[in-house]
Amino acid sequence: MRFEVSILSEDLNAVGEVARRVEADGFDGLWLAETANNPFLPLAQATLATERISLGTAVAIAFPRSPMLMAQTAWDLAQQSRGRFLLGLGTQVKPHIEKRFSARWGKPVQQLREYIEALRAIWRSFQTSEPLNYHGEYYNFSLLPPDFAPPPMPWHDIPIYIAGVNTGLARLAGETCAGFHVHSYHTARYLREALLPAFRQGRAKSQLREPLQLSSAVFVVTGDNQAQLEASKTMTKSQIAFYASTPSYRPVLELHDWADLTPRLNALLRRGKWNELHTLISDDMLAEFAIIAPPEELPFRLRERYEGLLDRAGFYFPYDISDASKGQVWRHAAKAMAR
């Protein structure tokens with residue numbers, strides 16, 4: 001199991017130093033999320049600052065970007081990193097795509113399928129100079145003059161990961177992708193009983209023969225004393241409750257017979273009771289979603305729960321060199337996971 005970190009990119013000028021520290025501390029990879037900042041500019045900085053670790057997006061939002069623009073960016077980062085770049089794509093949800101990005105939301109599984117097919121058609125034209133000819137319901141490409149195509153390169157087979165919670169995207173990943181970002185909002189049981197069969201169904205229809213790589217930033221609850229532990233529990237319960245309030249994420253709760261939780265959470269949200277969401281997450285629920293342990297035990301509990309389930313794993317909270325206590329947790333885990 002590879003042990004990797006996720007970082008935020010609030011300070012673009014600091015990303016190079018953070019990436020150097022990630023590599024020096026012995027981690028296997030670095031992921032950038034798309035939240036308040038673009039994930040690709042920091043990765044360009046991280047690429048220049050490192051030599052060994054993998055670098056990827058977890059995730060970049062696909063639908064607001066033309067596949068051509070995404071293909072160009074990924075191509076440049078793959079070349080710059082000499083093949084260390086992993087393109088992680090996500091769909092987001094309909095209100096964000098339509099209202100935050102003013103982009104088109106269709107049938108997300110089919111739209112993402114076409115997006116991936118279009119990316120590969122574009123990359124194939126970049127590499128071979130063959131005419132670009134892709135036509136689908138959502139995307140159509142038929143023009144690529146030579147002056148607008150980059151030259152071939154050795155790292156043209158760029159790995160694509162997609163992210164999701166439900167089985168539709170899991171089947172798509174099995175059929176078309178190198179990897180899948182398992183959402184932090186999951187349980188080991190849901191991964192084993194719902195997602196793994198979907199991955200296998202997709203792979204059975206695919207021409208791909210390499211095993212699908214599974215990655216996740218796992219919820220953890222930890223602290224050096226009882227006060228820190230309780231604060232960590234409350235924060236993690238709040239995050240789980242936020243995700244559980246999303247109707248499309250109900251299958252995780254249904255598997256555990258917790259389906260009544262979603263309407264109760266939404267009732268609190270309608271009343272503006274954000275600070276009370278965590279009270280609806282029981283300790284038993286928390287233990288299913290999160291690893292609860294002192295810092296020195298976290299990596300061993302992580303391996304115990306996910307050995308044979310995940311290929312790449314890390315913690316949900318970002319790696320932050322300015323936070324001494326969290327940084328110590330990360331570095332201790334890196335040493336333990338390397339044993």
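Here are some numbered notes on helix packing, strands and backbone details in this predicted model.

1. Ground rules first. This is a predicted model, in which local features need pLDDT of at least 70 and side-chain atom pairs count only at pLDDT 80 or more, while totals for chains, interfaces and linings use all residues. Residues are numbered from 1 along each chain as its sequence is written, and side-chain values use heavy atoms, with hydrogens and water left out.

2. Helix α1 and helix α2. Two packed helices are described by the angle between their axes and the distance between the axes. For α1 (residues 15–24) and α2 (residues 40–49), the axes come within 8 Å and cross at roughly 50 degrees. Helices (H or I, at least four residues) and strands (E, at least two) are DSSP runs numbered from the N terminus. Axes are lines fitted to C-alpha atoms, for helices over the stretch in contact, and angles run from 0 to 180 degrees between N-to-C directions. The pair is therefore oblique; under 35 degrees counts as roughly parallel, over 145 as roughly antiparallel, 65 to 115 as roughly perpendicular, and the rest as oblique. The crossing of α1 and α2 is right-handed, meaning that the near helix is turned clockwise from the far one by less than a right angle.

3. Who touches whom there. From α1, Val15, Gly16, Ala19 and Arg20 meet Pro42, Gln45, Ala46 and Ala49 of α2, where contact means heavy atoms within 4.5 Å. These residues divide into 5 nonpolar, 2 polar and 1 charged. Here Ala, Val, Leu, Ile, Met, Phe, Trp, Tyr, Cys and Pro count as nonpolar, Asp, Glu, Lys and Arg as charged, and the others, Gly among them, as polar.

4. Helix α2 again, now with α3. Helix α3 (residues 67–80) packs on α2 at an angle of about 15 degrees, with the axes 10 Å apart. That makes the two roughly parallel. Their crossing is left-handed, with the near helix turned anticlockwise from the far one. On the α2 side the contact uses Phe40, Leu43, Ala44, Thr47 and Leu48, and on the α3 side Met70, Thr73, Leu77 and Gln80. By class, the contact holds 6 nonpolar, 3 polar and no charged residues.

5. Helix α6. Is α6 (residues 167–176) enclosed or open? It is largely enclosed by the rest of the structure, because 7 of its 10 residues are buried; buried means under 20% relative accessible area, exposed over 50%, and partly exposed in between (1.4 Å probe, protein chains only). The buried residues are Leu169, Ala170, Leu172, Ala173, Gly174, Glu175 and Thr176. They pack against α5 (108–128), β8 (160–164), β9 (179–182) and α7 (188–204).

6. Strand β9. Gly179 and His181 point one way from β9, Phe180 and Val182 the other way, and all are buried. Strands β8 and β9 run parallel, joined by 4 bridges; pairing requires at least two DSSP bridges. Ile162 has Phe180 in β9 as its bridge partner.

7. Backbone spots to look at. The peptide bond from Ala58 to Val59 is cis, with omega near 5 degrees, and Val59 sits in the loop between β3 (54–57) and β4 (60–61). Gln92, a residue other than glycine, has a positive phi near 60 degrees; Gln92 belongs to the loop between β5 (85–90) and α4 (94–100) and is partly exposed at 28% relative accessible area. Ser102, also not a glycine, has a positive phi of about 50 degrees. Ser102 lies in the loop between α4 and α5 and counts as exposed, at 65% relative accessibility.
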